[in-house]
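Here are a few friendly notes to read alongside the model. They go through the cavities, then the sheet and the helices on it.

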Amino acid sequence: MTPSVPLVYWFRSDLRLRDNPAWVQACASNQPLLAVVFEPHMASTEQRWGCLQPQAHRLAWWHANVRALQLELAQHGVTLLVLCGKAVEVLQTVANKVGAVAIHCEEIAAPYERAEVQALQHAGFEVHTYWGSTLFEEQQLPFAVDELPAVFSQFRNLVERARTPVPVPLAAPQHVHGFFIASETAASFAPWAAISPAEQLYIDARSAFIWGGETGSAVRAGNAGARAYLEAYFSSDRVAQYKATRNGLIGMAYSSKWSPWLAVGAVSAREILEALRAYEQRQGANDGSYWLWFELLWREYFRWLHKQYGDALYRGRGLSEIARPVVATKHQRAFAHWTQGRTGCELVDAGMRELAESGYSSNRMRQILASYWIYDLGGDWRAGAAWFEANLVDYDVYSNQGNWLYIAGLGTDPRGGRRFNVAKQTADHDADGQYRNLWSASP
């Protein structure tokens with residue numbers, strides 16, 4: 001490849017320059033770089049749950065992080081084209097205009113994302129993918145990926161006992177060869193409106209994740225926003241309180257709220273762990289700091305699970321040998337009631353309204369909603385997973401799929417699923433009805 005021919009860097013779920021192995025490798029090529037990113041679209045194309053599309057809150061958070069990345073890339077003279085459509089078709093058009101033949105990108109071990117890369121390769125592109133979303137390197141694991149423990153606790157015990165090393169986060173490359181592209185050419189690749197949804201969206205004041213402002217309790221997008229949030233978080237008493245408050249339902253103070261940045265890749269798990277270990281060095285380890293590590297390991301486990309099983313995690317029966325029948329007419333009616341918060345179960349309906357109106361939901365509530373859909377309404381777990389994919393600002397393909405399989409009992413966990421008693425959950429987590437009242441109707 002000659003120096004005048006650009007290398008295309010395709011940002012996927014890695015909207016950052018720091019601690020991004022694929023970006024580092026692309027910069028090391030010494031080729032001029034043209035960056036592209038595709039607006040989120042649903043991986044699921046199942047007709048039976050209504051051809052869902054990413055909803056306003058998810059798109060707005062994504063756009064905000066892309067804008068932050070665009071500004072950062074512009075400082076290096078790199079154009080970031082924001083595109084929509086099928087990657088293979090659009091990138092062929094881009095390549096024809098700029099002469100690119102090689103693409104660098106993050107490896108994502110999920111069926112739809114793998115198929116995108118394969119389609120590009122079949123179209124004649126030279127595609128280089130790099131694994132970069134985990135804490136550990138594959139060769140550092142105390143087991144082969146195809147021998148990944150079938151239970152999370154076994155995985156956790158093995159990596160802790162082996163003191164599996166976590167690499168230091170990579171610095172953002174300082175020497176980047178940008179590729180200039182005329183504004184009129186760039187405009188031809190952006191068929192969506194110039195004003196992003198983030199600038200028009202009303203952020204519900206009841207939400208447990210308030211973002212978009214520069215002052216008050218609101219937080220900002222992008223790697224700079226993530227790092228500012230981490231600094232404030234680890235300077236507060238929230239770490240020590242994490243274990244006791246992580247199952248809360250209302251407000252910014254419960255749980256860590258790292259997931260929206262992690263989901264789009266605006267910050268890496270290694271960057272977060274670095275901040276966590278620095279906190280422990282200053283303040284000492286405590287139950288809260290351990291449980292934050294514990295949750296990072298759950299995220300890690302679902303990624304290696306995808307490496308091990310791939311497409312099998314997306315079958316109706318998951319890793320089970322027995323398929324669960326779903327009655328289509330009952331499913332469609334129940335799905336409408338569930339998604340619209342009209343099941344008649346107050347806690348579930350409040351949770352579904354929160355999800356639709358804010359794009360966020362607590363981990364505890366997500367488990368309750370998933371359990372109710374699968375066991376009380378008899379729904380197809382894949383439809384529930386697709387609804388979460390459409391709505392969550394912190395949608396992550398690995399964690400979403402892994403958690404739904406876990407609740408449905410179709411993953412590796414031997415307990416056969418987790419059915420939540422809604423009456424007990426209500427008594428344990430919303431005895432005074434504050435959460436139900438908060439989300440009883442639109443503001």
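This is a predicted model: local features need pLDDT of at least 70, side-chain atom pairs count only at pLDDT 80 or more; totals for chains, interfaces and linings use all residues.

1. A definition to begin with: on a 1 Å grid over the protein atoms alone, a cavity is a set of points where a 1.4 Å probe fits but cannot get out, and lining residues have an atom within 4 Å of a point. Residues are numbered from 1 along each chain as its sequence is written, and side-chain values use heavy atoms, with hydrogens and water left out.

2. The largest cavity has 41 lining residues, and Arg12, Ser13, Arg58, Ile108 and Glu113 lie nearest its centre. About 620 Å³ of space lies in this cavity (a volume is the space filled by probe spheres set on the grid points, which are joined across faces, edges and corners). The count of cavities of 30 Å³ or more comes to 3.

3. Which elements each supply at least two residues of that lining? They are strand 1, helix 1 (21-28), strand 2, helix 2, helix 4, helix 9 (259-264), helix 11 (287-309) and helix 16 (397-408). Helices (H or I, at least four residues) and strands (E, at least two) are DSSP runs, numbered from the N terminus. By class, the lining has 22 nonpolar, 7 polar and 12 charged residues (Ala, Val, Leu, Ile, Met, Phe, Trp, Tyr, Cys and Pro count as nonpolar, Asp, Glu, Lys and Arg as charged, and the others, Gly among them, as polar).

4. The second largest cavity holds about 80 Å³ of space. Its lining includes Phe152, Trp298, Tyr301 and Asp413. Helix 11 and helix 16 are the elements that give it two or more residues, and helix 11 gives the most, with 4.

5. Now the sheet: 5 strands form an open, parallel sheet in the order 3-2-1-4-5, where two strands pair if DSSP finds at least two bridges between them. Strand 3 (80-83) and strand 5 (126-130) are the edges, each pairing on one side only.

6. Strand 1 (residues 7-11) and strand 4 (residues 102-106) run parallel and are joined by 3 bridges. Val8 stands opposite Ile103 in strand 4.

7. Helix 2 (residues 56-74) packs on the sheet, touching strand 1, strand 2 (33-38) and strand 3; contact means heavy atoms within 4.5 Å. Helix 4 (residues 111-122) also packs on the sheet, touching strand 1, strand 4 and strand 5.

Definitions and conventions. Axes are lines fitted to C-alpha atoms, for helices over the stretch in contact, and angles run from 0 to 180 degrees between N-to-C directions. On a 1 Å grid over the protein atoms alone, a cavity is a set of points where a 1.4 Å probe fits but cannot get out, and a pocket is an open set with protein on both sides within 12 Å along at least five of seven lines; lining residues have an atom within 4 Å of a point.
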